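Me: I would like to learn how to read the features of a structure like this one. Can you take me through them in order?

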Amino acid sequence: MENIVIIGNGIAGVTAARHIRKLSDKRIIIISAETDHFFSRTALMYVYMGHMKFEHIQPYEDWFWEKNRIELVRGYVTQVNTEEKKLILDNVSSLHYDKLIIATGSKPNKFGWPGQDLHGVQGLYSKQDLDLLEVNAPNKEVCERAVIVGGGLIGIELAEMLRSRDIPVTFLVRETSFWNGVLPEGESQMINEHILEHHIDLRLGTNLKEIVSDENGRVKSVIIADTNEEIPCNLVGLTAGVTPNVDFLKDSCIKLGRGVKVNRFLETNIKDIYAIGDCAEQHEAIGNRRPIEAVWYTGRMMGETLAQTICGNRIAYNPGHWFNSAKFLDIEYQTYGWVFSERRKETHEMHFHWRHPEEKICITIAFHQDSKQFLGINTFGIRMRHEVFDRWLKEERTVDFVLEHLADANFDPEFYKKYEPDIVSKYNIDFGTSIKPKKKSLKRIFQFN
Amino acid sequence: MNYKTHSQSMALTGQPPKNITRNQKFATLVGMFGLAVMLLAAFNVSFPNKTLWLTISLSALFTGILWFSWEAYSQKLPGIKNDGVWFKSISSQGLWGWIAGIALTGFYIILYFYPEYLGLASKGSNKGVIALFDPLSKALSGNPASQWFVYGTLYTVAILAFGVKFLWKYRHNRYERLRTLSVMFFQTAFAFIIPELMARLNGDKLLNGGSLPYYDLKNVWPLNYYNFEGYRIKGFLSSGDIGFALLIFGILSIFVITPILTYKYGKRWYCSWVCGCGGLAETAGDSFRQLSDKSVKAWRIERWVVHSVVVFVTLMTTAVIYSYLGTDTSKYWLTKSTFLIGVASLLTLVFGWVMLFKREQLQKDAQYGAIGYFVIIMALIGFHFFSGEGYVFLFKSETLRKSYSFLIGSIFSGVIGTGFYPIFGNRVWCRFGCPMAAMLGFQQRLFSRFRITTNGGQCISCGSCSTYCEMGIDVRAYAQKGENIVRSSCVGCGICSAVCPRGVLKLENGPQKGRIDSNQVLLGNDVDLMDLVNQK
């Protein structure tokens, strides 16, 4: 019986394992150094905030693995011997594989800041990071102030976590506006305002110069570049992005770039070795996607795809239309298709932006200047229906069509206030059109006659 | 394995990371004072001016709860307010949770079985805490209070005060707000005020001098399992056209109104918009929703227990009605035998329909259970019908009625169902015990337009939905497969959708086709791969 070994029990590895089990009887072994069982990494924040216990963020009950004959091994792979198809665990035991799937995820970036390895300086990625945070910042008495370095998704989550325990937070963001490498200006601006509403000391356009140690090797303060301002603090959160967790492969024959180099079939340069999830790096980016996609959904999709290949139906990783979501404090964010920030967008990409006059609700729709083809939408504070936007993207609808039928895509809970008329009338003013919004139609939404 | 993020402490005020404010401590004090007045009354401290002291006591309760909630939410931005839920002793099965559970349980035991300790007098005027409520009862119905009036008043106060708390907590969510206003209205008007006012009509010529049984109009059989007992039927029939209309309404509720509304909106129209048990669970019980057991094992137990209660209540009601029917067709068309034949035909019809058309939607154990129960009931009816001997279900109808009323009506719905809120979660009764919920759930699962739609591939498996599902449904298990949630137990409270950080879940009514689906590969992946794998 073929022996499939998966390194990493995150969403990518576990999805691959589940699908291989559905399709075959192969022996499946998952190795993890992090935890005994799979958990939802994106939900770690809720454990610190007291919304859930750790057991709640484990999607499968503990009996699931044995019932599905997925063997779990706790250990750290120190070496991959591709000649003998053998793994060395914790420098001692060894494990044979017929096919190897590398799904080891990411680790937080460190950019060589002075003091970045002091006690009290940490990232937020793993279960161990969460445990460490409980030590470094259990409450506002132990942690009188925290400084977060890096204005991305993890940074704002860490800020929300610390604020849930009333810990004062200073948030250093290199960019001139929050996440404006990804978000268009209006949206980024709204999030800036929301961060301040939550009493977070947001410092835009601010770089870290160094982290200062006390006499015990613990962080005492940070110093800001340019102004040399010193901010006393007990915790420094490094949240300036992540990088593939592949250092253990450096001495192997597997080809690495920033991550494990893979082709469209998620195959590495070595036969029978594959890489999926955050740690995989495509030779060439797929469409507008980045060569390394550190996103929950892409990890899952790579797992779904690779399981087919492993089980004899060799198939390329060919993701559909881009989508993603996040939550910035109280504001939910969803995106379907591509909406680029001013920094990244090409000249043909036009934006239509609408923002609610009082509430923290806004949308941005991107479309092609000439053909008016709908390219994508960002929504904040309004939920949208994935299926409908996926269909419209596939059918290459125009922006006018999308606005006319916007009510069909609304996914807010029942009785919520509807904003389609406001949105469409703003669009009509901006672009001199006279679109009349159609009423929501179950027939169109569910595609029945 | 589980990393303990905090130490449990005895302090009511909690300790970091979750403190309650100074004002919240004062608010607790005010509320406790209101309770203390009642407690003193229960120990026969005679308050000079009962109207005044009852007003003071109830106002203190209201003020305490509202003040505490205002402090908790007014300073915060609209959004999900679950910070520290698992750090607080009261909401995480800690010491205070157990103390509250035991206190509530004790209260229910006294209420159901020892009302004399509350001051109920069989002769003469009430004493104790019941006497304290006499003025209010007299103002409403003209009669002195009973333990049920005291309970009803406190129940209504709880739904109203904690209802306001819930309205503030979910002030960003209109579905939650409307639903809560609805249960607050139905409790106050239908469960509390209207029946008391109806009691004033008794003996009136409007009712031909008859007297109506106490009737909370929104309580449908089998939740009010006693609705067709002999004394009530007499009451209805003695009360002229109005009484007859109410009796017909009671029957239509079961066979016409309920199925239609459940078909259109799912059972939520009742369980989380109208029902009093649901009303208390959603308001006073909201802090305990995360305590329900989500394991597959608990689900299996739930299915067996709640459906057995349905069988029990059907048998009991059949036996009771049978017991007071006559045998002479010339006197009244409905006789013992026509009734038994009717019940048998109806059960056969339902059973046959399910087995013929809906069998593939039932789990294996549900099929075995249905067949087993059906065969046993029919055998008992047939045996009795043809032999004409003994009691219809082996026991005397009165024995069945009393056991049901004791085991299900008192112990399950009150002592366990509400008393154990802080231990097992706020919907233990609704999930494991309520035959009404089970029957509505049956309709919801097999013929309804209601579902919780999963939004394509957006789920990140975080588990918030499952954790905060009061019915113990593992919502995430469906959402992470891209599958809609169509579960008979779902009461449609909408909290899973509210707490979802990614906008994945939506309660909605739509076409039945494609309502229940399962995707092997989720939306967002390769279109060809999805087609290949999802072919069914």
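Me: Which residue is the bridge partner of Ala146(A) in β11(A)?

Reply: The partner is Val169(A). Strands are DSSP runs of E with at least two residues, helices are runs of H or I with at least four, and both are numbered from the N terminus. Before going further: this is a predicted model, in which local features need pLDDT of at least 70 and side-chain atom pairs count only at pLDDT 80 or more, while totals for chains, interfaces and linings use all residues. Residues are numbered from 1 along each chain as its sequence is written, and chains are lettered from A and ligands numbered from 1 in the order in which they are written.

Me: How many bridges join β10(A) to β11(A)?

Reply: Two strands pair if DSSP finds at least two bridges between them. Here β10 (residues 146-149) and β11 (residues 169-172) of chain A run parallel and are joined by 4 bridges. Further along, Val149(A) stands opposite Leu172(A). β10(A) also pairs in the parallel sense with β16 (residues 235-238) of chain A, again over 4 bridges, and there Val147(A) has Val236(A) as its bridge partner.

Me: What is the strand order of the open sheet in chain A?

Reply: The order is β9-β16-β10-β11-β12, 5 strands with parallel pairing. β9 (121-122) and β12 (201-203) stand at the edges with a single partner strand each, so one side of each has no neighbour in the sheet. The unit made by β10(A), helix α5 (residues 153-163) of chain A and β11(A) is a right-handed β-α-β unit: with the strands pointing away from the viewer, the path from the first strand over the helix to the second runs clockwise.

Me: Which residues of β10(A) lie on each side?

Reply: In a regular strand the side chains alternate between the two faces of the sheet. In β10(A), Ala146(A) and Ile148(A) are on one side, Val147(A) and Val149(A) are on the other, and all four are buried. Buried means 20 or more other C-beta atoms within 10 Å of the residue's own, exposed means 12 or fewer, and partly exposed lies in between, with C-beta atoms placed from the backbone.

Me: Why is Asp214(A) classed as it is?

Reply: Asp214(A) has 13 other C-beta atoms within 10 Å, so it is partly exposed. Asp214(A) is in the loop between β13 (208-213) and β14 (219-224) of chain A.

Me: Which residues touch the most other members of the largest nonpolar core?

Reply: In soluble globular proteins, nonpolar side chains tend to be buried together. A nonpolar core is a set of buried Ala, Val, Leu, Ile, Met, Phe, Trp, Tyr and Cys residues joined through C-beta atoms within 7 Å. The largest one here has 234 residues, and those touching the most other members include Ala16(A), Ile101(A), Ala146(A), Val236(A) and Cys496(B). Helix α6 (residues 147-169) of chain B gives the largest share, 9 residues. Leaving out residues up to four places away in sequence, Ile101(A) touches, among others, Ile4(A), Tyr274(A) and Leu306(A).

Me: How many residues of chain A are in contact with chain B?

Reply: Contact means C-beta atoms, placed from the backbone, within 7 Å. By that rule 55 residues of chain A are in contact with 53 residues of chain B. On the chain A side, α7(A) supplies the largest share, 6 residues.

Conventions:
Two residues are in contact if their C-beta atoms, placed from the backbone, lie within 7 Å.
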